[in-house]
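Colleague: Please take a close look at the aromatic rings in this model, and at the cores and the pocket that go with them. Give the cut-offs as you go.

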Amino acid sequence: MELKYFSSSSLSTSEVVHVGRTYSTLLSNFKHKVGARFSTQFKCRRGVFLWTYGAPDNTYLADKAVISSVGPDNFAAETSPYLVNGINGSGLNLYSRNLRVLDAHDDEYGGVVIDPDMLSANPSVFAPMLRFSLSHWKKMGKKGIWLKLLLDKSDLVPIAVKEGFQYHHAEPGYVMLTYWIPDGPCMLPANASHQVGVGGFVINDNNEVLVVQEKHCSAATLGLWKIPTGFILEAEEIYTGAVREVKEETGVDTEFIEVIAFRHAHNVAFEKSDLFFICMLRPLSSRIIVDEHEIEAAKWMPLVEFVKQPLIQEDSMFKKIIDIFIARLGKRYCGLATHKMVSNFDGKPSSLYYNVTDNEDINCVGN
């Protein structure tokens, strides 16, 4: 009966033998699976100790019992030995001094951002490495830990939660979790607190407002002719979002003039707050092409008829928005125009919204 060595290059990087306190397993049925008599011998190779099983022509490891690693020379195992005592000639003992810290980089606030692309998808590999990494980062005095788990690694979420991670936010392709190391309250920034909506107030030279009736609306707004509205997209400007929403719902091209008002409300959707920006837009076309998925109907409606709608007259906020819009048309009010600027704090272009007026007649300069 011959004992064979297993070098690190011969071991799979995608499978793992159960290691560590939680993942040690008694392989008591090994003998029965193989159907042969074995003798055990103890050997050491590159810091990994194995009880191996000898037969005339082969050396066996039970059920793909191979050691996973994040690199060819770094085995995933605990940093102190854990014995699985053999019964009737079956047993396994793993010990590695090469358990690695998870690939990550420091953030500017003394925290750590774990590289999601370098994580093993195998929970038995991930769990001991996460524990080892947390222990290491605690010793290093790190603060907040950010763990992004992609959709194909969702099996790792329960492990992270068990180790003390908390949900931060989720997107279609991932979930973000965080772990706060120091004692005291967590100082990591919370998830986004607001959703941002826009509405496009479009009026033509005939004093007609572009309005729509939505297919899916609440009972309270059933039959209401309203301005086109929607949510802005990620990394989208307020003014481009308003122009886009009008185009999508009605097919009308427009040009942004000003933000004439905005509303701030709370507990609107899933306990999030809501910012809604009403934008004045200038029409560049007049032909209406309705978005059949969202919009029941769209038309150019005389401003007088629009204002006289009972739902607008009975609602103080709707009525106030109309009053502001009419004041803007009469040059008695100036909204907020967008101005592109770059700040030295981050060196990135931003949009600053403010108004510039001519003091003599309160006309908005440049509009």
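Modeller: A contact here is a pair of heavy atoms within 4.5 Å. Of the contacts in the chain with a separation of 6 or more, 64% are between residues 24 or more positions apart. This is a predicted model, in which local features need pLDDT of at least 70 and side-chain atom pairs count only at pLDDT 80 or more, while totals for chains, interfaces and linings use all residues. Residues are numbered from 1 along each chain as its sequence is written, and side-chain values use heavy atoms, with hydrogens and water left out.

The chain has eight helices and 22 strands, taken as DSSP runs numbered from the N terminus (helices H or I of at least four residues, strands E of at least two). Among its 367 residues, 41% count as buried, that is, under 20% relative accessible area with a 1.4 Å probe and protein chains only; over 50% is exposed, and in between is partly exposed.

Now the rings. The whole structure holds five aromatic pairs. Rings of Phe, Tyr and Trp (its six-membered ring) pair if their centres lie within 6.5 Å; planes under 30 degrees apart are stacked, over 60 edge-to-face, and the rest tilted. Phe-165 and Tyr-179 form a tilted pair, because their planes are at 50°, with the ring centres 5.2 Å apart. Phe-165 lies in the loop between α4 (157-162) and β11 (166-171), and Tyr-179 in strand β12 (residues 174-180), 14 residues apart. Phe-165 is buried at 3% relative accessibility, and Tyr-179 is buried at 13%. Tyr-239 and Phe-256 are also tilted, since their planes meet at 40°, and their centres are 5.6 Å apart. This pair joins helix α5 (residues 238-250) to strand β16 (residues 254-269), across 17 residues. Tyr-239 counts as buried at 18%, as does Phe-256 at 13%. Phe-201, Phe-306 and Phe-325 are linked by ring pairs into a cluster.

The charged end of Lys-148 is 4.4 Å from the ring centre of Tyr-174, and that of Lys-299 is 4.3 Å from the ring centre of Trp-225.

Phe-165 also belongs to the largest nonpolar core, which has 24 residues. A nonpolar core is a set of buried Ala, Val, Leu, Ile, Met, Phe, Trp, Tyr and Cys residues joined through side-chain atoms within 4.5 Å. Phe-165, Phe-126 and Trp-137 are among the members that touch the most others. Two or more residues each come from β9 (112-114), α3 (123-139), β10 (144-150), α4 and β12, and α3 gives the most, seven. Leaving out residues up to four places away in sequence, Trp-137 touches Val-101, Leu-102, Ala-104, Val-112, Ile-114, Lys-142, Ile-145 and Ile-181. A second, separate core of 22 residues includes Phe-306, together with Val-209, Met-301 and Ile-321.

Helix α8 (316-329) is one of the elements giving two or more lining residues, and α8 has the largest share, four.

Conventions
A charge sits over a ring if NZ of Lys or CZ of Arg is within 6 Å of the ring centre and within 35 degrees of the ring normal.
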